[in-house]
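Colleague: I am new to reading protein models. Could you take me through one, feature by feature?

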Amino acid sequence: MIRGMIVATALVFCAGLAQADDIGDRQAAMKAMGKALKPVAGMVKGEVKFDAAVVKASMKSIADNATKSLKLYAPGTSKGKTAALPAVWEKKADFDAIFKSLAAASTAAGAKVTNLASLKANFGGVAKNCGACHKDYRAKKK
């Protein structure tokens, strides 16, 4: 009986650690995507000089982190310090589709961008997916 209680306690503790790891990992992934997006958005707005190498690296970072993020919203990871809304788990297929679309759009943009005009032509798909996720699945900042 005592052994069973110890095992149960260990499982609860480990589940809590896994949840905290997922939340921290997905926050790190979101910050990495935001950091990667910033110079590219600046280029699109004309605030930053165009640099194809920066665009390619940024699009790869966004695609990699979007793909990684698919695994970081497991059931039970909605509690804790997170801006993820309950809709993430209620509409999981739609939520996952946005990440998959973001990864695809970022990969495509990274492959197609050679100059500012091609960046502007391909940036919309990336921005659209970021916005869709923030609109429906992220709590508003206070």
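Colleague: Where is the place of Asp51?

Modeller: This is a predicted model. Asp51 sits in the loop between helix 1 and helix 2.

Colleague: Is Asp51 buried, partly exposed or exposed?

Modeller: Burial is read from relative accessible area, and buried means under 20% while exposed means over 50%. Asp51 has 34% relative accessibility, so Asp51 counts as partly exposed.

Colleague: Let me step back. How many helices and strands does the protein chain have?

Modeller: The count is 5 helices and 0 strands. Starting at the N terminus, the order of elements is α-α-α-α-α.

Colleague: What share of the protein chain is buried?

Modeller: Buried residues account for 31% of the 142 residues.

Colleague: What share of the contacts joins residues at least 24 apart?

Modeller: Start with contacts between residues at least 6 apart in sequence. Of those, 75% join residues at least 24 apart.

Colleague: Now the packing of helices. At what angle do the axes of helix 2 and helix 4 cross?

Modeller: Helix 2 covers residues 52-69, and helix 4 covers residues 92-112. Their axes cross at roughly 160° and come within 8 Å. An angle over 145 degrees counts as roughly antiparallel. So helix 2 is roughly antiparallel to helix 4.

Colleague: Is that crossing left-handed or right-handed?

Modeller: Helix 2 passes helix 4 in a left-handed crossing.

Colleague: Which residues make the contact?

Modeller: Helix 2 contributes Lys56, Met59, Ile62, Ala63, Ala66, Thr67 and Ser69. From helix 4 come Phe99, Leu102, Ala103, Ser106, Thr107, Ala109, Gly110 and Ala111. Sorted by class, the contact of helix 2 with helix 4 has 9 nonpolar, 5 polar and 1 charged residues.

Colleague: At what angle do helix 4 and helix 5 pack?

Modeller: The angle is about 165°, and the axes are 9 Å apart. Helix 5 spans residues 116-137. Helix 4 and helix 5 are therefore roughly antiparallel to each other. Their crossing is left-handed.

Colleague: Which residues of helix 4 and helix 5 meet?

Modeller: On helix 4, they include Asp94, Phe95, Ile98, Ser101 and Leu102. On helix 5, they include Asn122, Val126, Cys130, Cys133 and Tyr137. By class, this contact of helix 4 with helix 5 has 10 nonpolar, 6 polar and 2 charged residues.

Colleague: Take Phe95, in helix 4. Is Phe95 buried or exposed?

Modeller: Phe95 has a relative accessible area of 2%, so Phe95 is buried.

Colleague: What does Phe95 contact, leaving aside its neighbours within four places in sequence?

Modeller: Phe95 is in contact with Tyr73, Val88, Cys133 and Tyr137. For a pair in space, take Phe95 and Asp136. They are 41 residues apart in sequence and 8.9 Å apart, C-alpha to C-alpha.

Colleague: Where do Met33 and Ala29 lie?

Modeller: Met33 lies in helix 1. Ala29 is found in helix 1, residues 2-45.

Colleague: Are they buried or exposed?

Modeller: Met33 has a relative accessible area of 8%, so Met33 is buried. Ala29 comes to 1%, so Ala29 counts as buried.

Colleague: Which residues do they touch, leaving aside neighbours within four places in sequence?

Modeller: Met33 is in contact with Ile62, Asn65, Ala66, Ser69, Phe99 and Leu102. Ala29 touches Asn65 and Ser69. The C-alpha atoms of Ala29 and Asn65 are separated by 5.4 Å, though the two are 36 residues apart along the chain. Met33 and Ser58 are 7.9 Å apart, C-alpha to C-alpha, and 25 residues apart in sequence.

Colleague: Is Cys133 buried or exposed?

Modeller: Cys133 has 13% relative accessibility, so Cys133 counts as buried.

Definitions and conventions. Residues numbered from 1 in each chain as written. Predicted model: local features only at pLDDT ≥ 70, side-chain atom pairs only at ≥ 80, totals over all residues. Heavy atoms only, no water. Axes fitted to C-alpha atoms, helices over the stretch in contact; angles between N-to-C directions. Helix = DSSP H or I, 4+ residues; strand = E, 2+ residues; numbered from the N terminus. Parallel < 35°, antiparallel > 145°, perpendicular 65-115°, else oblique. Left-handed = near helix turned anticlockwise from the far one by under 90°. Contact = heavy atoms within 4.5 Å. Nonpolar A, V, L, I, M, F, W, Y, C, P; charged D, E, K, R; others polar. Buried < 20%, exposed > 50% of the residue type's maximum accessible area, 1.4 Å probe, protein only.
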